[in-house]
Protein chains: 4
Amino acid sequence: MPETPQQDGARRASIGARRNPAAEAAILAAARDLLAERGYAGFSIDEVARRAGAGKPTIYRWWPTKADLLIDVYSAEKAAIIAAPETGALWSDILDYTRALWAFWRGTPSGRTFRALIAEAQAGEAALRALRDKFLPERLKDLRLMFERAAARGDIDAAAVDALVELYIGFNWVRLLTDRIADDPPGIEAMARTLAGAPPGKAQ
Amino acid sequence: MPETPQQDGARRASIGARRNPAAEAAILAAARDLLAERGYAGFSIDEVARRAGAGKPTIYRWWPTKADLLIDVYSAEKAAIIAAPETGALWSDILDYTRALWAFWRGTPSGRTFRALIAEAQAGEAALRALRDKFLPERLKDLRLMFERAAARGDIDAAAVDALVELYIGFNWVRLLTDRIADDPPGIEAMARTLAGAPPGKAQ
Amino acid sequence: MPETPQQDGARRASIGARRNPAAEAAILAAARDLLAERGYAGFSIDEVARRAGAGKPTIYRWWPTKADLLIDVYSAEKAAIIAAPETGALWSDILDYTRALWAFWRGTPSGRTFRALIAEAQAGEAALRALRDKFLPERLKDLRLMFERAAARGDIDAAAVDALVELYIGFNWVRLLTDRIADDPPGIEAMARTLAGAPPGKAQ
Amino acid sequence: MPETPQQDGARRASIGARRNPAAEAAILAAARDLLAERGYAGFSIDEVARRAGAGKPTIYRWWPTKADLLIDVYSAEKAAIIAAPETGALWSDILDYTRALWAFWRGTPSGRTFRALIAEAQAGEAALRALRDKFLPERLKDLRLMFERAAARGDIDAAAVDALVELYIGFNWVRLLTDRIADDPPGIEAMARTLAGAPPGKAQ
DNA sequence: AGGTAACCGAGACGGTACGTCCAGTCTTTAG
DNA sequence: CTAAAGACTGGACGTACCGTCTCGGTTACCT
C-alpha cells in the first residue's frame, strides 16, 4: 500500500491561486501510509510534510488540526466500505456487517486512522467535536437503516433501535481500541445474536 | 479536589534505599489534579514533576510509562466506586450502575483519567497491554457478576452474558470518549431495557 | 505620517502593459509606514504586500531585493533633506548639518529605513553593493562639498578632506546604529570642533 | 579554522544539573564556523544546533537571543586582540592598531561575527542594548587609553578625547559594514594623521 | 560503626514535534 | 505585458515534552 504518489525529483509548485489537487493527494497518501506504518504514535505533521514533499503551512492551510487530516484520510478510504447487507435476518446482517467492517479496518490503514482520530479527540476539542457531531451521527444514520429494516420485519422493537445502534457501535469501538479485531466468529456471532434477540443455538 | 499535598517549602529528600510514600502520594495527587484541570492534552510528565516537586527520574522509576501512572491515578480513585447494585431486576441494576458510574466519571478526575488511558493506548504498546490485559478483564469480571445474577434468575440467557457485558462496556466507552456522560435518564434507560430484554413500557 | 494611500475596498487592477504608479505608491507607502511602526524586525515583504493590497510578485518585479525597496523608501523621503549649510565656519556647518540630519532621522521613518538598509547589507550581497557602491558615494559627494569649502577657506588641509568625510560619516552611523541620535548638542559640538580643528572653548 | 570539536559518534549527555562545558564549546565552535562560512545570512540557530550536535533548547537555555550567542563568539576570539600599541606618536599608534584590528577581522570569523551583531541590533532590542550598553563602552574604555596617553604627551587636546574615540570607532564601523577592510595603508594613514592632527607629509 | 546501595530533587542533555511566519516562485484571471 | 490574488515548497523561529543522565545529598541496611 505504501506507495505515495510523488517525489519525482521535481518540485511541486503552485498552480495559481487555488488548491493544488496534486499536493492534496500527496499529503493524504503520505498521512495514510504513515499511519499504516507507524500508527498514531508516529503520526506527526512534520513527517507527513516530509513524506509528501509538502510544506507544513500547506498542510495547516487545509487541515488546521490533526483531526481534520485524519477524517479526510479515513473518508478517502471509506469508499470501499460495505453498504448494510441484507440477509433476511438481523443477526446475520450484523454478523456480515461486522466481519466486513473489521476486515476493512484490518486490511487498510483505516483501523489505525480511526483509532488515531479517537485518541486525538481525547486531547483536543476540535477533534472531539468532529468525532461527536460529524462522524458519529453519520455512522449512526448508516447503521440505523439495518436495524430499522429489522424493526419493520418485526424482528425487534422499533423503540429499541437507537439503543441497539449505540450498543453495537460501542462493541466495535472497544474491540478496535483494544486491538482485538482479528477475525473472531464466535465472539461476533454471540454479540450479533444477543443484539438481535435470536436464541444462540438457532440456525440461520 | 485539587489539593496537592506537598510544596511545604521544604525539600522532600530520600528516606533511604526504598520508595518514599510521600513522593508517591505527591506525584499521584499532582497527576490527578493536572488531569482534572487540563485533561489529557495538558498531561505531561514534566508538569507532573513540577507540581509534585519531584524529579522526573523519580516518576520514571516507579511508573515507566504514562499508562502506569494513569492506571494508578484511576485505581486510587476507584475505591469509591459502587459495587454492582442489587435491585432485583437486571434493567434497573444496569440503570443504577450506569448512573453511578457516570456520576463517578463526572465528579472526579476519573473520567478524564480513563479517557487519557484509552488515548494513550492508541499510541503505545505498553498502555494497550495494560488496558487490554489488565484493566479490561478486571472490569469484565466485575460486571459479569451483575449479568450472571440475572441469568441465575432466568432474566437472560446464560450464554449471552459475555456478549452483554462487552456491549454494555462499549456503550459506556462511546459515551465517555465522545464526552456525552451528562446525566441522561432516557438514553440510559432505553439502553438498560434493551440489554435486559425488558419491554420498554414495563415499569420497575 | 502613517496614511497609506490605498485600501479603498476596490481592487487595484492592472492598467495595461506598464507599471502602475498607484501600485508603486501604495507599496512604498506601506513599506515606509511598516518601517516606522515596527522597524527592521517587523519589515517583511509579506506584510508590505498585505498593507499595500498588492501581490508579492508585484513587489518582487520592481524591487528584486529588500534593499532595493529600502533604498527607494529612503530616497523618497530624502527630498526634504537639507543641503549643506553655509555658516562661514566648518565647525558650525557640521553642527548644523548633523542636527538637521538627526532630526530628519528621528522625525521621519528614514532613520529606521537606513538602519534596516545597513542591517540588510550584512546579510545580502545585493544590499551591500547598493550601500557601498551607490548610496555611500552619493552621500560622500554631498558631504565633501562642505569640507572642500572649508579647505578653500584654509580652515583645514585639503589633503585631509576624504578622511574627514569618512570619519564624520562613521560618527553618524555609530550613533544611528546604536540608537543614540537624540538631540545631543554637547556631543555633537565636541565632535564638530574636533573634526574642524577648532579649539573647544572658542566661541562661534 | 572550521574544526568543530565534536561529532565523535557518541552522544553528549548531561553531566548533571549544571551546564556542560563540552556542549557550550561545541555550540560556540559551530556558531563561529557557520559565521565564517556563510555569514550572517546563513546564521540560524537551527543550523548551529545541527552542527554542534546539540538540541535547540540547549542553545536557547544559555543564549536567549542570537545576540547573546554572537557576543560570546566574538569575545571568545577577542583574546587574541592587540592591546593598544605604544609607538610614541598617536598617529602611528592609530595606524598600528587599525591594521591589527582589520587583520583580526579579516583573519578570523570575528569580522563576520561583529557585522552580524550590529545587524541583529537593528532588529532586536536585546541585541541593541548589548551592543550599546555593554559592548561599546568596553571598547571605548579600551581605546580611550591610547588617546589619553597622547593627550598626556600634549599631542592632542584632552577635551577632544571622547570625540576622537567615537570618530575613530565610526570609521572602523563604516569600513567593516561596507566590507572595505582589506589592507588599505593610504586610507588608514590619512585617517590616522587626520585624527592625530599630524601634517600629512610628516614622516614617522 | 562504617560502607554502600538505592533513593531523592534538580535540572541539563540531545531530540522531535509543534504551529507560525516569511522567502521567493508559480499560475491563473482580468484588464 | 501588467496587476492582483493566493497557492506552493522550504526553512527558520522559539517552545514544550520526551526519556536519559549525572550530580550532590540523605537514609537505611548489611556487613
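Trainee: Which residues of chain A does UniProt list for "DNA-binding region"?

Mentor: Residues 44-63 of chain A, from an unreviewed entry; UniProt annotations may be inferred rather than shown by experiment, and the positions follow the numbering used here, with feature names shortened. This is a predicted model, where local features need pLDDT of at least 70, side-chain atom pairs count only at pLDDT 80 or more, and totals for chains, interfaces and linings use all residues. Residues are numbered from 1 along each chain as written, while chains are lettered from A and ligands numbered from 1 in written order.

Trainee: What makes up the span 44-63 of chain A?

Mentor: The span is 75% helix and 0% strand, with its end C-alpha atoms 13 Å apart. Helices are DSSP runs of H or I with at least four residues, and strands are E runs of at least two, numbered from the N terminus.

Trainee: How many residues does the contact take from chain A and from chain B?

Mentor: 37 from chain A and 36 from chain B, where contact requires C-beta atoms, placed from the backbone, within 7 Å. Helix 8 of chain A gives the most to that side of chain A, with 11 residues.

Note on methods. Two residues are in contact if their C-beta atoms, placed from the backbone, lie within 7 Å.
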